[in-house]
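Good morning, and thank you for coming. Please look at the structure on the screen while I take you through its parts.

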Amino acid sequence: MLAIYKKELRTYFTSMVGYVFIALFLFIIGLFFRMNNLVTRAANFEYTIANVSFIFVLLVPLLTMRIMAEENRQKTDQLLLTSPVTAANIVMGKFFAVFTILLVVNAIICTYPLIMLRYGKVPFASSYASLMGFLLLGGAYLAMGIFLSSLTESQVVAAVITFIVFFFTLFMDGIAASISTNHKTALIFFGILMLIICFILWIMMRNITVSIGLGIIGIGSLTGLYMYKPTLFDGAIVKLFSWLSATARFNNFYMGILDLADIIFYISIIFVFLFLSTQVIKKKRWS
Amino acid sequence: MIEVKNLVKRYGNHTAVDDLSFTVGKGQILGFLGPNGAGKSTTMNIITGYISATEGTVIVNGLDVFEEPEEVKKMIGYLPEFPPLYPDLTVLEYLDFVADIKKVKRSAKRQMVDDIMEATKISDVKNRLIRHLSKGYKQRVGLAQAIMGYPELIILDEPTVGLDPKQIKEIRELIRELSKEHTIILSSHIMQEVNAVCDSILIIDKGRLILQDKPENLGKHFSSTVGVKLVVKGDKDTIISELRKIDSITKLEETRALEEGTVGLTVYSNEDKDIREDLFFSLSGIRTPILEMQSISMSLEDIFLKVTQEEESVNETSTSSEEEVITDVSDL
């Protein structure tokens, strides 16, 4: 794992990508820092952080687009997969490499509230809580980016897909709010979701019995639940979306609340996507 | 050392490897020979654990590749068809990385990387980015990667592609050197290469094993016809009519004669029958001097072509494959 970690970091800094990422990141944050804190003379660094959380949508694809796709294209995955390293090691090494770059940027940003200390009182708690949330949010996006990159051989395709998916996560709350809260719609929505899950399962496992069985059980229990208590489905879509929404959780950090549930939520997202990436790598062997 | 049993790999309806079985002993060099798309790379990918097999087993040193992939991977060094190189690393950085993922001990690493760079003759480019290297150098870096950690089994998929003749010679010597302590499987569609280095040759076509034998024994399988090339001075018709009298000649072919007043001929006879003396006496009887006589022994190329084409013609029509093959061989 350490070898892959070192190699990834090295590639980021022999090609320009690492420097470009850091430079753009600092530039955008600097811009917002100036507008939100310096010009308006506000000491709340969280204003800046809340404003720039969209930065990941723009910049994370830059970092993650090649991370797996390029291995697939250059056939270097053949070296990794025929060496005594596990798929989990490969993914972890890569994740920690990109996360390190994010850490470097965050370490630099951490000094900004200290700069403001020269001019008066700074609310450190909410500043650093929001920075913490910022880091976790970034980690979640990186993990998603790694997963999406592992699906393709082309950097460009990886970048575009990653960008589109990230874009949706930004507007997920808004989209969810506009969906009807009617319980019937919710039932249909979850039914379709169940079918999609079964279909993906079938693609990955090629096992008809398992996916159809799961589909019947899933939809059966959904209908049963609906018959028993339709009110359970009221506004369920919105609930699901806002629970899943990575950006909505970020608001707690922004307000200076360090909720363990939120931290665990982000770490689980990271874990889930890294796990999915290892599955994609392992699956290649069985195609 | 390696035991491959009833290996099958299917992609949908396409069968890439079809019931392949063979064994390789310790310290042997096995040559994998077959036309493009014969299933050489697929078989190698399965042995190294890169892809799975549909059916069958691969046992390396008593360990099943499908059950204990991690353990088996420790024993294998692999140079795939396209050398797996990172263009953004220098040669040294790359080999360092490979040594790390192959779990080479820290204390031995420096020396091993140096030795391997020396052996594959890439020390002079060690600080250059891989993306700037020529094809030949890239191939050699790939080879260096495969022997990193000195695994017991080294698998090389067309190791000399893109190298110049001098480098090819060096790489062959290196392979022979390595075979003293390692078992090697290499694939190629170049016959001389396999002939030059391998202890055992395995010809496959369309995923099926056609034969496995020592290079020197291969000829025995296909010595049904032996030919002699002749250049004779004299009138064509009289020479041919005279030669028709020899019973053991099965086939006569006219080839281009370079000199004025001479006839070029290729004569084929039954096996185990040396017709050179007969030819000499028969032609000297009608006073047409033989200027040149050269016997055609089947080269590996001929065997290879013959074997793979026989397969084809067996599939099409089961008869008269012999004739076609012979004309093709003489075209070479």
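The secondary structure of chain B comprises 12 helices and 14 strands. Helices here are DSSP runs of H or I with at least four residues, strands are runs of E with at least two, and both are numbered from the N terminus. This is a predicted model, in which local features need pLDDT of at least 70 and side-chain atom pairs count only at pLDDT 80 or more, while totals for chains, interfaces and linings use all residues. Residues are numbered from 1 along each chain as its sequence is written, and chains are lettered from A and ligands numbered from 1 in the order in which they are written.

Of the 332 residues in chain B, 39% are buried. A residue is called buried if 20 or more other C-beta atoms lie within 10 Å of its own, exposed if 12 or fewer do, and partly exposed in between, with C-beta atoms placed from the backbone. Two residues are in contact if their C-beta atoms, again placed from the backbone, lie within 7 Å. Among contacts in chain B between residues at least 6 apart in sequence, 69% join residues at least 24 apart.

Let us turn to the sheets. Two strands pair if DSSP finds at least two bridges between them. In chain B, an open sheet of 4 strands has the order E2-E1-E4-E5, with antiparallel pairing. Strand E2 (14-24) and strand E5 (63-64) of chain B are at the edges with a single partner strand each, so one side of each has no neighbour in the sheet. Strand E1 (residues 2-11) of chain B is joined to E2(B) by 7 bridges, and Val4(B) stands opposite Phe22(B) in E2(B).

Chain B also has an open sheet of 6 strands, ordered E6-E7-E8-E3-E9-E10, with mixed pairing. Its edge strands are E6 and strand E10 (208-213) of chain B, each pairing on one side only. From one strand to the next, the twist averages 15°. Angles run from 0 to 180 degrees between N-to-C directions, and axes are lines fitted to C-alpha atoms, for helices over the stretch in contact. Strand E9 (residues 200-205) of chain B runs antiparallel to E10(B), with 5 bridges joining them, and Asp205(B) stands opposite Arg208(B) in E10(B). Helix H5 (residues 135-147) of chain B packs on this sheet, touching E6 and E7 of chain B, and its direction makes about 170° with that of E6(B).

Which elements give two or more residues to the side of chain B that touches chain A? In total, 24 residues of chain B are in contact with 19 residues of chain A. The elements in question are helix H2 (69-74), strand E6 (76-79) and helix H3 (91-101) of chain B. H3(B) supplies the largest share, 4 residues.

Finally, chain A. Its mean pLDDT is 86, and 98% of its residues reach 70 or more; pLDDT is the predictor's confidence in each residue, from 0 to 100. Among the elements of chain A, helix H13 (residues 236-244) has the lowest mean pLDDT (73) and helix H7 (residues 87-109) the highest (94).

Why is helix H3 (residues 45-52) of chain A described as largely enclosed by the rest of the structure? It is because 7 of its 8 residues are buried. Among them are Phe45(A), Tyr47(A) and Val52(A).
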